[in-house]
Amino acid sequence: MRLLERRPDGTRRHGSGFTLVELLIVMAIIATLLTVALPRYFGSVDKSKEVVLKQSLSVMRDALDKYYADHAKYPDELEELVEKRYIRSLPVDPLTERSDTWTIIEVPPNTGLKGSVYDVRSGAEGNASDGTPYAEL
């Protein structure tokens, strides 16, 4: 839209401004850039959550192994790892955003191993980017 200005002598002059077409073109360019950038952004967020999940599982599994090496048995619950200071706190599952959704894999029967918590997995539903279910990572 062009703005009209009145000069002191009473004549009119077209002011500077943007036309509706110019604004629409700029908005179309921004929309095009967003359609390219947003899918990449959300894909990178999902991949980073998977990396954090794998790291958290690795830390907890390492703590379980150290607990077993020290006590000759597995813990009866995950909180024992925190109580005995093998980990500072239970990590948050980045997919469920909670620390109480971990799935506990119990000690296999007839192995002679003591304790309850043999392994831990994510309680999240769905699949990772490689197609593996989160519950099997």
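Visitor: Before we start, what is a salt bridge?
Guide: A salt bridge is a side-chain nitrogen of Lys or Arg within 4 Å of a carboxyl oxygen of Asp or Glu. Side chains of opposite charge can pair when their charged atoms come close.

Visitor: Okay, and what kind of model is this?
Guide: It's a predicted model, where local features need pLDDT of at least 70, side-chain atom pairs count only at pLDDT 80 or more, and totals for chains, interfaces and linings use all residues. Residues are numbered from 1 along each chain as its sequence is written, and side-chain values use heavy atoms, with hydrogens and water left out.

Visitor: Where do K66 and D62 sit in the helix?
Guide: They're in helix α1, residues 20-71. Because K66 and D62 are 4 residues apart there, about one helical turn separates them. Helices here are DSSP runs (H or I, at least four residues), strands are E runs of at least two, and numbering goes from the N terminus.

Visitor: What does K73 pair with?
Guide: K73 meets D76 in a salt bridge, 3.7 Å from N to O. K73 has a relative accessible area of 24%, so it counts as partly exposed, and D76 is partly exposed at 44%.

Visitor: And which residue forms a salt bridge with D100?
Guide: That's R98, with the closest N and O atoms 2.7 Å apart. D100 counts as exposed, at 52% relative accessibility, while R98 is partly exposed at 45%. Elsewhere, salt bridges that share partners join R61, D119 and R121 into one network.

Visitor: Switching topic: how many aromatic pairs does the structure hold?
Guide: There are 4. Rings of Phe, Tyr and Trp (its six-membered ring) pair if their centres lie within 6.5 Å; planes under 30 degrees apart are stacked, over 60 edge-to-face, and the rest tilted. One of the pairs is Y41 with F42, edge-to-face at 5.2 Å centre to centre with 65° between the planes. Y41 is partly exposed at 49%, and F42 is partly exposed at 49%.

Visitor: How far apart are the ring centres of Y74 and Y118?
Guide: They're 5.3 Å apart, and the planes are at 70°, so that pair is edge-to-face. The pair links distant parts of the chain, 44 residues apart: Y74 is in the loop between α1 and α2 (79-83), and Y118 is in strand β4 (residues 117-121).

Visitor: Is Y74 buried or exposed?
Guide: Y74 is buried, at 9% relative accessibility, whereas Y118 is partly exposed at 37%. Ring pairs also link Y68, Y74 and Y118 into a cluster.

Visitor: Which residues touch the most other members of the largest nonpolar core?
Guide: L57, M60, L78, L81 and W102, out of 17 residues. A nonpolar core is a set of buried Ala, Val, Leu, Ile, Met, Phe, Trp, Tyr and Cys residues joined through side-chain atoms within 4.5 Å. The elements giving two or more residues to this core are α1 and β4, and α1 provides the largest share, 6 residues.

Visitor: What does L81 touch?
Guide: Leaving out residues up to four places away in sequence, L81 touches M60, A63, L64, Y67, P75, Y86 and I87. Contact means heavy atoms within 4.5 Å.

Note on methods. Buried < 20%, exposed > 50% of the residue type's maximum accessible area, 1.4 Å probe, protein only.
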